[in-house]
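Subject: Structure for you to look at

Hello,

Here is the structure I promised. Please open it next to this email and follow along.

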Amino acid sequence: MPGYAGSPPPTQGGSANTYCGYVSSEVAPSPILSNPGAVAGLPESPDSAVAWHYGDPFGEQRAAAQRVAVVDRSHRFLFTITGKERLTWLHTVSSQHVAELGDGRSAENLDLDLNGRVLNHFVLTELDGTVWIDTEAERGPALLDFLAKMVFWADAKPEAAPDHAVLSLLGPRVSELTDTLGVAALPEVNAAVALPGGGFLRRMPWPTADSYDLIVPRAQLGDWWARLRDAGAEAAGMWAYEALRVTALRPRIGVDTDERTIPHEVHWIGGPAEFGAVHLNKGCYRGQETVARVHNLGKPPRQLVLLHLDGSADSRPATGDPVTAGGRAVGVVGTVVDHYEFGPVALALIKRNVPVDTELAAGPVAASIDPDSVRAHDEPQAGRLAVERLRGR
């Protein structure tokens with residue numbers, strides 16, 4: 001499985017990270033990497049073009065969780081969709097209900113294959129007659145190409161937007177930066193407001209309770225970084241962002257998912273109001289049959305869980321390593337990262353029937369499932385109830 005392990009084993013001195021099977025895309029290094037203290041992700045990682053940390057990884061995580069930190073995510077792939085039918089057309093080719101998405105609203109969305117397996121995850125924002133979409137750098141060109149081929153007769157025009165970039169602001173003290181941002185008030189979750197000079201600010205439901213993305217003209221990236229730093233935002237690398245994402249149980253496409261992943265396994269079910277990426281009250285998209293069948297009649301074969309790793313070991317698992325129980329493979333490791341409070345942790349896709357107290361190994365180290373990360377999957381299913389009624393039970 002492509003992906004990466006987000007933190008180093010202790011023997012590597014805390015500044016490197018190991019990767020497994022990831023094919024890096026051609027992304028130009030961010031100009032923010034020239035700032036003092038910036039350490040780039042390894043060349044083979046998905047975050048090689050931006051800073052992994054600035055010399056104090058755990059301090060950066062605390063800043064993002066407790067104060068305010070700015071993270072350079074300018075390696076995200078951005079594109080736009082214009083045209084009068086941009087939303088109604090996108091509604092028909094993706095998993096989210098976006099036909100009536102209001103101006104200044106955001107949502108997460110998926111591109112599925114015919115069997116309901118996840119191909120792409122992306123975030124979209126409708127603002128002033130344009131849909132803005134951002135996704136992983138290595139997947140963006142293929143997603144844009146697919147959407148462009150699906151337009152046919154619709155009045156919708158997908159186009160790359162390389163002249164814009166993403167910065168993220170995390171932490172409860174973002175509220176102190178409204179003057180610096182040039183906005184009257186911060187938007188609510190999944191809402192966006194325009195920024196002076198171009199671009200917009202949107203609020204995300206993760207990786208923390210106070211998470212915001214700035215989509216800004218790339219030519220202004222350095223200016224925005226300096227302005228936010230001068231206003232009190234602390235510099236944080238992708239290590240901090242990933243650690244908080246992992247403990248928020250939010251998957252990253254191609255790292256915490258594989259070629260068999262369906263949305264139910266990784267908590268992507270739900271409309272914009274539920275902060276999901278698959279709306280259950282819509283059809284007309286590729287892969288909908290699998291989504292409906294699992295929702296109404298079945299259970300997901302695997303589930304995404306948080307693993308606590310043995311911190312005394314001299315190594316860490318890598319993304320793609322097997323998760324085993326008694327020597328038998330029961331899952332696969334996703335993101336691995338050292339967290340400022342919980343120590344070494346990982347996301348993993350494991351078989352749904354593995355008991356939460358099972359003794360596990362993640363690659364070379366002992367691991368245990370965080371019980372709070374496990375969902376019961378015991379809710380009544382409409383399809384099953386209907387079958388039982390037909391059988392007179």
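Which residue just after α5 takes a positive phi? Gly-232 does, with a phi of about 115 degrees.

Some ground rules. This is a predicted model, so local features need pLDDT of at least 70, side-chain atom pairs count only at pLDDT 80 or more, and totals for chains, interfaces and linings use all residues. Residues are numbered from 1 along each chain as its sequence is written, and side-chain values use heavy atoms, with hydrogens and water left out.

**Confidence**

pLDDT is the predictor's confidence in each residue, from 0 to 100. The protein averages 91. A score of at least 70 is reached by 89% of the residues. One is residues 1-25, with 95 contacts beyond four places in sequence. The other is residues 383-388, with seven such contacts. Contact means heavy atoms within 4.5 Å.

**Overview**

The protein has eight helices and 19 strands. These are DSSP runs, numbered from the N terminus: helices are H or I with at least four residues, strands are E with at least two. Of the 393 residues, 56% are buried. Buried means under 20% relative accessible area, exposed over 50%, and partly exposed in between (1.4 Å probe, protein chains only). Take the contacts between residues at least 6 apart in sequence: 67% of them join residues at least 24 apart.

**The largest nonpolar core**

A nonpolar core is a set of buried Ala, Val, Leu, Ile, Met, Phe, Trp, Tyr and Cys residues joined through side-chain atoms within 4.5 Å. The largest one here has 37 residues. Leu-110 and Trp-268 touch the most other members. Several elements give two or more residues to this core, including α1 (57-66), β5 (105-112), β6 (118-127) and β17 (343-351). The largest share, seven residues, comes from α6. Where does this core lie relative to domain 1 and domain 2? Domain 1 (21-300) and domain 2 (301-376) both give residues to this core, so it lies between them. The domain bounds come from an automatic or database domain assignment.

Look at Leu-110 next. Beyond four places in sequence, its contacts include Val-118, Asn-120, Phe-122, Pro-263 and Trp-268. Another core lies apart, with 24 residues, among them Leu-167, Val-183, Val-216 and Trp-224.

Asn-120 lies in strand β6. Its relative accessibility is 7%, so Asn-120 counts as buried. Beyond four places in sequence, Asn-120 touches Asn-109, Leu-110, Asp-111, Arg-139, Leu-143 and Ile-253. Arg-252 is 132 residues away along the chain, yet the two C-alpha atoms are separated by 10.0 Å.

Leu-347 sits in strand β17. Its relative accessibility is 0%, so Leu-347 counts as buried. Among its contacts beyond four places in sequence are Arg-245, Val-246, Leu-249, Leu-304 and Val-333. The C-alpha atoms of Leu-347 and Val-337 are separated by 9.1 Å.

**Back to helix α5**

Which residues of α5 (residues 221-230) are buried? They are Leu-221, Trp-224, Trp-225 and Leu-228. Seen down the axis of α5, they fall within an arc of 100 degrees, so they line one face of the helix. The arc is that of the directions from the helix axis to the C-beta atoms. An α-helix has 3.6 residues a turn, so residues three or four places apart point the same way. The buried residues of α5 pack against β3, β9 (164-170), α4 (178-181), β12 (211-217) and β13 (234-236).

Best wishes
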